[in-house]
Amino acid sequence: MTTTLLVPGLLCDAFVWEPVTRAMPEAVVPHLEGMDNLSEMARHCLSLAEGPLHVAGHSMGARIAMEMARMAPGRVERLALLDTGIHPLKEGEPAKRAEIVAFARENGMRALAERWLPGMVHPDRHEDATLMGALSEMVMRRDPEEHARQIAALVGRPDASRYLSEITCPTLLVVGRQDVWSPVVQHEDMLALLPDARLEIIEDAGHFAPVEQPDAVAEILIPFLTPNRRER
């Protein structure tokens, strides 16, 4: 039996995947609390089921998904990577990450959400109270220490560019056209390295494409993850 895992990103949870899980209630959304290492997170996700896996990851979750495919190439049969990248640590990045960790500790998660989220969505959605409110509530379900652990995992991330060409399973790349955090060009770079991949660009969406354009993402992602599902 094949298990579908939907791996959330930084400060995210099952909310990001609700448009998909409504159609795929059998899909599993891993909990990553308490871990500060992407490889540890990947091992945890692999332990949640036996047998073959179809894995989708968003943002940091996609980096975890790539680690899963590296660790268990015989198990990960399909891989979907949304709004992500493969670059190693950039110059000056640790200091920038440390500053935002300190900001969250000093000011709280509501203030972090107000600072962080606008750059993660299409500019036209900054005044969308329903969307921004739901994303803020999601961030506030975490605490500053969990945020610090996840940032530590990102700072210590593996260099996926070194092994991406070894991931041979069918791979779907999805990115919002207006994603300024993980732009289209990063996904084009990934497409060039992956042996069996295609790229889908979601119009009028930023980094949170799965919730900004839920129908468009679900229409692409669900058939990819469930190739043998019969039409109802």
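Guide: One word to settle before we start: a contact here means heavy atoms within 4.5 Å. Also keep in mind that this is a predicted model.

Visitor: Let me zoom out. How many helices and strands are there in the protein?
Guide: The protein has ten helices and five strands. Its radius of gyration is 17 Å, close to the 17 Å that the globule rule gives for 232 residues, so the protein is as compact as a globular protein of that length.

Visitor: What size of box do the C-alpha atoms fill?
Guide: Roughly 50 × 35 × 30 Å, taken along the principal axes.

Visitor: And what share of the residues count as buried?
Guide: Of the 232 residues, 53% count as buried. As for contacts between residues at least 6 apart in sequence, 74% of them join residues at least 24 apart.

Visitor: Let's pick a strand. Is β2 enclosed or open?
Guide: Strand β2 takes in residues 53–58, and six of the six are buried, so the strand is largely enclosed by the rest of the structure.

Visitor: Which way do its residues point?
Guide: Leu53, Val55 and Gly57 point one way from β2, while His54, Ala56 and His58 point the other way. Residues on both sides are buried.

Visitor: What are the partners of β2?
Guide: On one hand there is β1, residues 3–7, which runs parallel to β2 and is joined to it by five bridges. For example, threonine 4 has histidine 54 in β2 as its bridge partner. On the other hand there is β3, residues 76–82, also parallel to β2 and joined to it by six bridges. In that pairing, leucine 53 stands opposite valine 76.

Visitor: How does the chain cross from β2 to β3?
Guide: The chain goes through helix α3, residues 60–71, and this β-α-β crossover is right-handed.

Visitor: What's in the loop between β2 and α3?
Guide: Serine 59 lies in that loop. Its phi is positive, at about 60°, although serine 59 is not a glycine. Serine 59 is also buried, with a relative accessible area of 14%.

Visitor: Which other residue has a positive phi?
Guide: One example is aspartate 204, a residue other than glycine with phi near 55°. You'll find aspartate 204 in the loop between β5 and α9. Its relative accessible area is 42%, so aspartate 204 counts as partly exposed.

Visitor: New topic: how many aromatic pairs turn up in the whole structure?
Guide: A search of the whole structure finds one. The rings belong to tryptophan 116 and phenylalanine 208; their centres are 6.2 Å apart and their planes are at 85°, so the pair is edge-to-face.

Visitor: Which parts does that pair tie together?
Guide: Tryptophan 116 is in helix α5 (residues 109–116), whereas phenylalanine 208 is in the loop between β5 (197–202) and α9 (209–212), so the pair ties together parts that are 92 residues apart in sequence.

Visitor: Are the two buried or exposed?
Guide: Tryptophan 116 counts as buried at 14% relative accessibility, and phenylalanine 208 is buried too, at 1%.

Visitor: Which arginines lie over the face of a ring?
Guide: Arginine 70 lies over the face of tyrosine 163, 5.6 Å from the ring centre. Arginine 78 lies over the face of phenylalanine 224, at 4.8 Å from the ring centre.

Visitor: Last one: where is cysteine 169?
Guide: Cysteine 169 lies in the loop between α7 (144–155) and β4 (171–176), and counts as buried at 10% relative accessibility. Leaving aside neighbours within four places in sequence, cysteine 169 is in contact with Val76, Glu77, Arg78, Leu79 and Asp196.

Methods
Residues are numbered from 1 along each chain as its sequence is written. This is a predicted model: local features need pLDDT of at least 70, side-chain atom pairs count only at pLDDT 80 or more; totals for chains, interfaces and linings use all residues. Side-chain values use heavy atoms; hydrogens and water are left out. Rings of Phe, Tyr and Trp (its six-membered ring) pair if their centres lie within 6.5 Å; planes under 30 degrees apart count as stacked, over 60 as edge-to-face and the rest as tilted. Helices (H or I, at least four residues) and strands (E, at least two) are DSSP runs, numbered from the N terminus. Buried means under 20% relative accessible area, exposed over 50%, partly exposed in between (1.4 Å probe, protein chains only). A charge sits over a ring if NZ of Lys or CZ of Arg is within 6 Å of the ring centre and within 35 degrees of the ring normal. Two strands pair if DSSP finds at least two bridges between them. A crossover is right-handed if, with the strands pointing away from the viewer, the path from the first strand over the helix to the second runs clockwise. The radius of gyration is taken over C-alpha atoms; the globule rule is 2.2 Å times the number of residues to the power 0.38.
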